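Me: I would like a close look at a single part of this model, with the criteria stated.

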Amino acid sequence: MSMHFDLSKIFKSALVPLVAAAVVAGCSEKSPKLVPLVPKKDEKIRDSGDETFTFNPRVDVLFVVDDSGSMEIHQQNLIKNIEAFTRELASNKILDYHFGVLTSSMSDFSSGAKGGAGKLVGSTTVIDRQTAGGLTILRDNLHVGTKGSGQEMFFDPVKAALTPPLLNAENKGFYRENAHLAVIFITDADDQSEDLSVKSYYQFLLDLKMGDPKKVIHYGIYIPTANTTCSRSGEGEPERIEELMGLFAANPLELCDVNFGQKLAELAFDLGNRVGRVMYLSRPAVPESIQVTYGSSVLPNDSEKGWIYDSYRNAVIFGDKIDWESQPTGSTIEVNFIAGQYDE
């Protein structure tokens, strides 16, 4: 269900301070340094025609919320601060995002539980920029309650949600093959999935994106083993979740962090940075031929307010001070250049 409304208007306020992505939970690769790079001296470029690429970054954000009996206070804290996350993500107006919510229950949950078994929560299960009252709906969906199973599972529900039959039925419309996938676990426990090991879950996510690790982003909001002050409510240490975070080279957002809202905003900044700031080209470009437009405006070759070209990655890197408000919502970035071929 999607009604026409600009969700970004709900979140119009000052941008959250841009904090270095290294402090954010879930950085699997460092943010690129915006320094122009040039081909090695022994490389030659042979022109091979004009090319145009359109950059319209998409990301499907899947929250997996623990709905067991000990989570009420943590769910309330998440709901209270979720606007910091959505406001920061919506500030990058070229991002095309979907929000969806799952619970940690796969079986043995009471009739009063929301969702479960991989089904997206809510009467409006997919929230995007055009969803009327999107923030209110997301808050309601995230408040999954505490009547779920005491056997908290995170890997199994994600797989169930993103594969048939649910993918083509109850969850239809959330997952897009050409979008990035971002998964966020919120829990005071560890994963207790029965069907998937840590490595098989990790491989499942990579396989969804044809083995491209840049297209899968994973975050964890939990209680790290080293934390001895946040109550685990009798739960064991998060060994499986921490092993998974290690595979993604991701740091946790601690469930009881006193600066929880700020850290959520930093997480959203990191997500937007990784999805909406690097445009990989399928053809090598002649650097001096590159022209970049955003809507009707021309973006300068500038490391902060425009773009630079990284020849080693064959990517255009966008600056973190671009005025996204200068163009209407839905505007896209186009990169025009003369394609070249590197010769030995």
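Which residue does Val59 stand opposite in strand 4? Please describe the strand pairing around it as well.

Reply: Val59 stands opposite His180 in strand 4. This is a predicted model: local features need pLDDT of at least 70, side-chain atom pairs count only at pLDDT 80 or more, and totals for chains, interfaces and linings use all residues. Residues are numbered from 1 along each chain as its sequence is written, and side-chain values use heavy atoms, with hydrogens and water left out.

Strands (E, at least two residues) and helices (H or I, at least four) are DSSP runs, numbered from the N terminus. Two strands pair if DSSP finds at least two bridges between them.

Strand 2 covers residues 58-65. Strand 2 and strand 4 (residues 180-186) run parallel and are joined by 7 bridges. Strand 2 also pairs with strand 3 (residues 96-103), in the parallel sense, over 8 bridges. In that pairing, Val64 has Leu102 of strand 3 as its bridge partner. From strand 2 the chain crosses through helix 2 (residues 72-90) to strand 3, a right-handed β-α-β crossover. Right-handed means that, with the strands pointing away from the viewer, the path from the first strand over the helix to the second runs clockwise.

As for burial, 7 of the 8 residues of strand 2 are buried, so strand 2 is largely enclosed by the rest of the structure. Buried means under 20% relative accessible area, exposed over 50%, and partly exposed in between (1.4 Å probe, protein chains only).
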